[in-house]
Amino acid sequence: MNILFVGDIFGSAGRRIVREHIGHVCEANEVDLVVINAENAAGGFGVTPQIAEELFDLGADVLTTGNHVWDKRELIDYLKSVPADSQERPRRVIRPANLQPGLAGYGIFEGTTQGGVEYAVIDLQGCVFMNTTNDPFHTVNAMLASVKAKVILVDFHAEATSEKVAMGWYLDGRVTAVLGTHTHIPTADQRVLPGGTAYQTDVGMSGPYDSVIGVEKELVLHRFLTGMPGKFEAAKGNPKMCAALIGCDPMTGRAFSIQRIMLGE
Ligand SMILES: [Fe+2]
Ligand SMILES: [Fe+2]
């Protein structure tokens, strides 16, 4: 089976370029499962219920998020609108599993593809150079004990390359893919690890590349040059859709291929 994982959608430029390409990419590669990181889809900061619905309309099965998950407060009620065992769209938006206990939403979604393959998607956030969370390694280890599906995708939303590489090795042979997000620049290290886990340190942002990781470059430069605060706005120029295409055996969940995708205008 083939799985498409789309990296952090950033703002309207990111949504537009994904809308342009996702259909033909899925058709040409006979994609069975589509997962999109949507944490920056609403103007670069968070995701609204309306934008989540738009992404589901484009064919997403699951939306992952990250440190920007709470930027749009209306998402909290959306996440709370369905019970834990629901298969409805609000349940398919997940947030990092290792956040503080008691928050809205869940860090895992377990579903079945149209072709009848059971799968799980897990969202985790890194500890290094990021806000305090619970340890992602022990969190995912405990979670995997109760996952029945063989096909398991992990979005590791983290800043440090070392932490992401370590997670790849930690989960090798236990999940289908460990895909890095958050740093917004695609890395060229995609490979299948010896145990059958597809890995990429960062899938890359789906958004405007004439920017500083999605934000208008003049605004970011001003902050670096002056140290003065200022409002960040999503850039528009040179949008690319960045994604990873993973081929795996649905019976064992082992990956046999991972391909990097970057498509522009
Ligand atoms: Fe992001
Ligand atoms: Fe992030």
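Which residues of α1 are buried? In this predicted model, the buried positions of the helix are Gly-11, Ala-13, Gly-14, Arg-15, Ile-17, Val-18 and Ile-22.

Although Glu-30 is not a glycine, its phi is positive, at about 45 degrees. Glu-30 counts as exposed because 8 C-beta neighbours lie inside 10 Å, and 12 or fewer place a residue in that class.

Strand β1 is mostly covered, with four of its five residues buried. Its pairing involves two strands of opposite sense. With β11, β1 runs antiparallel and is joined by five bridges; with β2 (residues 31-37), the pairing is parallel and likewise extends over five bridges. Leu-4 takes part in both pairings: the residue opposite Leu-4 in β11 is Leu-245, and the bridge partner of Leu-4 in β2 is Val-34. Together, β1, α1 and β2 form a β-α-β unit that is right-handed.

The nonpolar interior was examined next. In soluble globular proteins, nonpolar side chains tend to be buried together. Here the largest nonpolar core contains 68 residues, and those with the most contacts inside it are Phe-5, Val-154, Ala-243 and Ile-246. Strand β11 provides the largest share of this core, seven residues. For Val-154, when neighbours within four places in sequence are left aside, the contacts are Ile-122, Leu-124, Val-140, Leu-171, Val-175, Ala-177, Val-178 and Leu-179.

A positive phi at a non-glycine position also occurs at Ile-213, where the angle is about 40 degrees. Ile-213 belongs to the loop between β10 and α6 (217-226). With 19 C-beta neighbours inside 10 Å, Ile-213 counts as partly exposed, because a residue is classed as buried at 20 or more. Glu-30, by contrast, is exposed.

Technical notes
Residues numbered from 1 in each chain as written. Chains lettered and ligands numbered in written order. Predicted model: local features only at pLDDT ≥ 70, side-chain atom pairs only at ≥ 80, totals over all residues. Core = buried A, V, L, I, M, F, W, Y, C linked by C-beta atoms within 7 Å. Contact = placed C-beta atoms within 7 Å. Pairing = 2+ DSSP bridges. Right-handed = clockwise from strand over helix to strand, strands pointing away.
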